Structures are given as C-alpha cells and as structure tokens.
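The sequence and structure come first.

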Amino acid sequence: LLYGPTGVGKTTLAQNLTKRINDDNIDELKGVRCIYYSCDKDNLGDFSWRYLKHKLFSMGKPLVVILDEAAFADEKQIIRISSMWDNKQIKSVVYIQINEVPKLDQLVRRVGEYKIKMRTIAANEIFELLKQRQRDLKIFDDNALRHISHTCNMNPSIALQHCDMVAEELANP
C-alpha cells in the first residue's frame, strides 16, 4: 500500500515505476510486466477486467498490477485481482490511495505491514527540488524559487504547477 496526501507524487511515482518496469530498467524486475490503472477513471469495470485477463494470459510473464486511487475501485474487481494475487497468477499488486487504512477489510489483511507513506515536504526541500528541476536553464532566480517554495502549502505538485505556469507566461508573453 502506497498512501499519502493529495499532490505528494503517488501517481507520478506509480506511472514512472510502471514505465521503468516495462522498459526492463530495474534489474530485480527484468522480464516482469506492469499494468497501471487509475481506479477513479477506469474504475476497473468489465472492459478493464477483460483487458487485465487478456494481458495476464497473453504475456506469459509475471505481472505487477498498480491500482491508483484504489478507494474508488469496484469492490468486486478488487476481490478478483486480490484472488489472482493469492493464487500467484499476479506477482504483486500495489494499492495507492490517500488513507492508510484500505476501504475493504480483505485488503487490510493482505496489505498487513507492507505500507509506504509519502509525505509533504518542507519549503527548503521544495526549494531544492525546484532548483534541481531547472537544471542548467536557470529560469528562476533563488529568490523566486524561495517565494514559490513558501507559498505552495508544502505540496511539491502545486509548486511545480506554479513554476510551469510562470515559465509558460515568460515563454509566450
């Protein structure tokens, strides 16, 4: 279970992990395939379930399933996926949501102590993140970055969005 407040990067982490697994960029997971679902959008309805079964049986490789916004998933589909995990048809399932305690009692037992909490970060950490993201471009001076860092409610996603908006305005006056 990966959990934490909105905007801390859970979805970004999950999408990057999916890409790295599928590109065979993680030595420990070479040959494993990964499927990412955003449950608040896909809700793991019948189409998604057929897609998952097709992927599972056509790939012939171990499969990791990442369920983002798991709290929005259809309970029946979560039970199906959890059952496939229990029967070793799926190598691993990652549930992502805001709350530490899963909505379904069945998941509480499965997740157990396998929980990772993502947190908001302090203004000085956001400042360093923004500085690093600029690389050699130096779009913003340190004072501007400090200002953004202190006005984004310790939410790196908001800070990055603010930088994008300002940079876009500077590029297209």
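Helices (H or I, at least four residues) and strands (E, at least two) are DSSP runs, numbered from the N terminus. On that basis the elements run β-α-β-α-α-β-α-β-α-β-α-α-α from the N terminus on, with 8 helices and 5 strands in the chain. The model is predicted: local features need pLDDT of at least 70, side-chain atom pairs count only at pLDDT 80 or more, and totals for chains, interfaces and linings use all residues. Residues are numbered from 1 along each chain as its sequence is written, and side-chain values use heavy atoms, with hydrogens and water left out.

**The chain as a whole**

Of the 173 residues in the chain, 36% are buried; buried means under 20% relative accessible area, exposed over 50%, and partly exposed in between (1.4 Å probe, protein chains only). A contact is a pair with heavy atoms within 4.5 Å. Among contacts between residues at least 6 apart in sequence, 68% join residues at least 24 apart.

The expected span of a helix is 1.5 Å times one less than its number of residues.

| Helix | Residues | Expected span | Distance between end C-alpha atoms |
|---|---|---|---|
| H6 (123-134) | 12 residues | 16 Å | 17 Å |

Which residues of H4 are buried? They are Gln77, Ile78, Ile81, Ser82 and Met84. Seen down the axis of H4, these residues fall within an arc of 155°, so they line one face of the helix; the arc is that of the directions from the helix axis to the C-beta atoms. Lys88, which follows H4, has a positive phi near 65°.

In H6 the buried residues are Ala123, Ile126, Phe127, Leu130 and Gln134. They cover an arc of only 105° around the axis, which puts them on the same side of H6. The buried residues of H6 pack against helix H7 (142-150) and helix H8 (156-171). On the face turned away from this buried side, H6 carries the exposed residues Asn124 and Gln132. Just after H6, Arg135 takes a positive phi of about 55°.
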